[in-house]
Amino acid sequence: QVLLVESGGGLVLAGDSLRLSCTASGRTSSNYVMGWFRQAPGKEREFVAAINWSGYSTYYAASMRGRFTISRDNAKNTIYLHLNRLNTEDTAVYYCAAGSSDLRLRNPDAWGQGTLVTVSS
């Protein structure tokens, strides 16, 4: 079983940047893909980005590419989501997820508890 713990959410102003972190523990493996989803108020959860174990392969939802960057530090078993030029539509609970091999994380094996990002105008 893999345990994922997110951190880094908070209240920011439009135009600000924020970095989210997700640390994995438990039964991780070298083929594990980790990534981020988000769920805005009243909307369905949507995929944001994912990164493979080596960090050399990433995949982004088309609407997220450019402003958001995913990275990882395997020494810390941690991935990051760098959120830039935030706007009010980015307000959501951001969830970390992990699964085997699929860079689109269509069926994650594990989910974090979520971290809330609120963007104020």
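Guide: Strand β3 (residues 18-26) and strand β8 (residues 78-83) run antiparallel and are joined by six bridges. This is a predicted model, in which local features need pLDDT of at least 70, side-chain atom pairs count only at pLDDT 80 or more, and totals for chains, interfaces and linings use all residues. Residues are numbered from 1 along each chain as its sequence is written, and side-chain values use heavy atoms, with hydrogens and water left out.

Visitor: Why are β3 and β8 called paired?

Guide: Two strands pair if DSSP finds at least two bridges between them; β3 and β8 have six, so they pair. Thr23, for one, has Thr78 in β8 as its bridge partner. Strands here are DSSP runs of E, at least two residues, numbered from the N terminus.

Visitor: What makes β1 and β7 edge strands?

Guide: The open sheet has the order β1-β3-β8-β7, with antiparallel pairing. β1 (2-7) and β7 (68-73) each pair on one side only.

Visitor: What does the side chain of Arg72 reach?

Guide: The side chain reaches the backbone oxygen of Asn52 at 2.6 Å and that of Trp53 at 3.4 Å.

Notes:
Helix = DSSP H or I, 4+ residues; strand = E, 2+ residues; numbered from the N terminus. Polar contact = N/O pair within 3.5 Å; in protein donor to acceptor, adjacent residues only side chain to side chain.
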